[in-house]
Amino acid sequence: MPTQPGPETDLAEAPQTSPVGRLAATVERLRREVQAAQAEAEGRALIELAKGILVERLGCGPAQAARQLAELTEQARVTPLEFAVEVINQAARDRVSEVADAFLAATAQSPERADESAAVRLRAAESGALAAGDTQAVADSLLQHALQPLGAVGVAIWAAASDGSLTLAGSAGFPSAEAARWRYVPPDVATVARRGLTERSVQWLPSLSESGLPTIGRLLYPDGARVAVPAGVGGRIHGVLEIAWPKPEEPQPPQVVRQMEALAELCAHTLETYTLLHGTAYEPRVVPDALELSDLADGLHDPALVLVPHLDDSGQLVDFRIQHVNNRFLDPAGRPRAVISGALLLEAYPMAAGESELFQSVERVYATGEPFRAHRMNLTALVDQVPLAAVADISVSRHGSSVLLIWRIEDETARLASLLQHAQRLGRIGGFEENLLTGEITWNGQLFSLYGRPPTSTPVPLEELPLHAHPDDATGIRRFLRTLMHHRRPASAAFRLQRPDGVTRHIRVVAEPVLDTDGRLFVVRGAYQDISAQHWTEVALAATRDQLAHTEQQADERNRLALQLQHAIMPPTQAPLEVPDLQVAVRYRPAETEQLVGGDWYDAVVLPSGLVLLCVGDVAGHGIEAATSMVVLRNALRGLAVTGAGPAQLLSWLNIVAHHLTGAVTATAVCALYDGESRTLRWARAGHLPPVLVRDREASALPVVRGLLLGAVPEAVYEETEMQLAPGDTLLMYTDGLIERRDRSVEESLSHLLATARSAPRTLDQQLDRLLTYSRSDTDDDTCIVGIRVA
């Protein structure tokens with residue numbers, strides 16, 4: 001993007017003959033000299049390191065090692081720096097050397113992509129990073145030595161905090177003001193670096209504009225590519241290395257991606273030191289050890305484990321060791337806490353890496369620092385062959401280099417009671433129990449709410465229920481009480497409850513009698529349910545059904561009228577025209593459902609001039625409006641054709657009729673005039689599919705001529721073309737109902753029509769019938785076909 005001119009820009013643009021120009025040239029020369037000196041110093045450090053390796057390996061002095069290095073360099077025919085890097089890689093056998101070897105092995109099979117300086121670039125970047133005094137200098141070194149040769153223009157090193165926030169620890173290639181705006185990213189804010197942190201893998205974004213993710217430098221390079229590489233070591237991610245390109249880029253080959261991962265690992269070591277010394281912008285330096293975390297766990301009321309990472313010989317995270325178990329912890333297998341404490345997590349609970357994904361969650365928290373919460377995680381399969389029918393709320397958080405795992409096993413009884421309360425609340429159900437011997441009545445809180453009474457009021461006995469109901473419902477309530485009290489059978493009733501606040505609710509009461517050992521009724525228990533919403537829904541549905549029935553009746557009547565009108569004007573077949581040396585046939589196939597009665601139309605008539613008018617058209621829409629518009633356009637074209645005008649002029653006039661005189665309908669049409677004496681056909685189209693010509697058992701669509709659909713604009717000009725027909729030629733004009741499919745393009749459907757039309761039967765009528773029979777249309781639309789065959 002363009003930048004605002006500044007002092008540097010003014011100096012660069014000043015003529016070198018002026019004092020300002022000479023000053024700019026001097027500044028530029030000094031800058032190049034400083035860069036060359038820096039590069040020479042970094043290269044000298046690598047050469048000196050290679051000499052030291054030769055001193056150790058050959059058991060010689062520094063001078064002899066220098067001579068040996070020079071001789072080997074000359075024999076290898078490479079630069080001293082390249083050979084020094086090769087010596088360092090052979091001796092180190094570290095991640096950088098592995099990446100360099102893999103890159104060279106891959107490029108050896110593709111000489112056109114070979115880059116012998118890859119190892120030098122990586123070692124130079126490593127040397128600069130190790131010598132850097134801060135993370136900002138590390139970013140400068142990575143961009144200059146390793147990333148600019150790959151076309152990158154910017155690099156950002158993000159430090160990840162335990163709460164999931166990101167702090168910009170260093171950047172290069174971006175203006176300082178831009179870096180200041182992005183120095184802190186709160187947790188859960190979606191950015192490019194956040195994606196690399198949460199996915200824990202290299203995230204390549206070919207274009208920022210397509211991803212839509214905000215990040216540093218987005219205004220500078222809005223369409224540039226970005227890559228986010230997690231920077232981790234020992235299974236823990238300390239941050240993210242983000243690299244910027246100025247324009248869209250396809251993903252880099254695997255060997256280049258491995259170079260970026262090696263650079264990210266360099267950043268991880270730097271970020272580890274950075275966090276220990278400085279913390280992050282919003283996370284002060286706090287590094288609690290496992291001892292402090294154990295004291296914290298002992299103060300919790302829930303079972304808790306303190307976990308520390310367990311690494312293999314290569315430094316990779318393979319498990320977590322249970323450093324401490326608090327006194328609230330109960331092992332699912334019944335083992336004492338002393339047995340669990342000190343064991344590896346997967347040894348104590350081998351199924352933690354299975355269906356529950358508990359281990360993966362702990363690993364992710366340790367790597368990214370983002371806390372993990374899970375509600376009702378299944379703990380049944382935690383220990384093999386030791387069933388534990390329980391679910392728990394899980395909490396995992398990282399504190400320094402340790403992880404705190406807390407689980408709260410759900411009490412089944414309390415859970416069921418809570419579920420019952422929620423079910424009663426959602427179902428608006430209130431329960432009751434009435435002791436008929438003592439007169440004691442028990443209501444739950446939901447029943448007081450249904451009655452509109454405060455919880456401190458006296459419950460209403462069943463025998464007083466008629467006093468609180470609508471008078472019209474008294475008979476039903478008495479029947480309910482008689483069945484329940486006298487016949488001692490369960491009963492239910494629906495009534496309108498009149499509450500003290502004047503609100504009327506529709507209620508259903510259900511109750512059952514409870515008998516003692518002597519068969520006497522002493523308790524009645526049951527429930528009230530507010531069914532007001534259901535009642536009014538049923539009322540609304542009944543009204544809707546009546547309205548739908550009336551609407552459907554009206555629609556059926558309109559469709560019937562439209563169908564009658566269409567059939568009256570457009571019979572499926574028409575009497576043949578008496579034209580010398582010309583066969584004319586038409587076919588009309590109405591829609592399969594009356595609701596889709598449309599505005600397709602055709603016409604074939606001999607004009608007073610002796611010319612034959614041939615046309616097909618399709619009015620947009622369905623129903624009575626489309627049918628009536630079709631009648632207007634068809635009859636208008638017949639009347640206009642008597643004037644002797646050509647097809648293009650006829651369509652131009654018909655467009656005016658469609659736009660001004662029919663309520664601005666739109667339609668497509670093909671209009672043709674055939675002269676039997678000269679066997680010429682003049683035709684024009686208005687947004688319609690072109691006619692098909694069958695000649696010598698070959699079918700093809702006529703070249704498309706320009707023409708806007710009818711009614712779209714007040715005035716339109718149409719193109720007209722003329723062609724010569726020969727004896728045996730067949731011309732077909734049709735509407736889209738013949739070929740249109742929902743799952744195919746128009747081009748595919750037209751190709752099938754041409755293939756069907758090639759095999760022409762003996763008569764024209766048979767050919768039109770064949771086209772209708774083998775039509776693949778699935779839109780249930782009207783279809784019109786007009787065909788002529790020159791004798």
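Buried means under 20% relative accessible area, exposed means over 50%, and partly exposed lies in between (1.4 Å probe, protein chains only). The model is predicted: local features need pLDDT of at least 70, side-chain atom pairs count only at pLDDT 80 or more, and totals for chains, interfaces and linings use all residues. Residues are numbered from 1 along each chain as its sequence is written, and side-chain values use heavy atoms, with hydrogens and water left out.

Q: Why is Leu213 called buried?
A: Its relative accessibility is 11%, so Leu213 counts as buried. In the protein chain, buried residues make up 44% of the 791 residues.

Q: Where is Leu213 found?
A: Leu213 sits in the loop between α10 (208-211) and β5. Helices (H or I, at least four residues) and strands (E, at least two) are DSSP runs, numbered from the N terminus.

Q: Which residues is Leu213 in contact with, leaving aside its neighbours within four places in sequence?
A: Contact means heavy atoms within 4.5 Å. The contacts of Leu213 are Ala190, Thr191, Val192, Arg195, Leu205, Leu208 and Arg218. Ala190 is 23 residues from Leu213 in sequence, with 6.7 Å between the two C-alpha atoms.

Q: What is the order of the six strands in the open sheet?
A: The order is β3-β2-β1-β6-β5-β4, with antiparallel pairing. β3 (184-185) and β4 (203-205) are at the edges with a single partner strand each, so one side of each has no neighbour in the sheet.

Q: How many bridges pair strand β1 with strand β6?
A: Two strands pair if DSSP finds at least two bridges between them. β1 (residues 154-160) and β6 (residues 236-244) have six bridges, in the antiparallel sense. In one of these strands, β6, Ala244 is the bridge partner of Gly154.

Q: Which strands does helix α7 touch?
A: Helix α7 (residues 135-147) packs on the sheet and touches β1, β2 (166-172) and β6.

Q: What makes the space in the largest cavity count as a cavity?
A: On a 1 Å grid over the protein atoms alone, a cavity is a set of points where a 1.4 Å probe fits but cannot get out; lining residues have an atom within 4 Å of a point. A volume is the space filled by probe spheres set on the points, with grid points joined across faces, edges and corners. The largest cavity holds about 30 Å³. Its lining is Leu607, Ser609, Leu611, Ala641, Gly644, Ala645 and Leu673.

Conventions:
Axes are lines fitted to C-alpha atoms, for helices over the stretch in contact, and angles run from 0 to 180 degrees between N-to-C directions. On a 1 Å grid over the protein atoms alone, a cavity is a set of points where a 1.4 Å probe fits but cannot get out, and a pocket is an open set with protein on both sides within 12 Å along at least five of seven lines; lining residues have an atom within 4 Å of a point.
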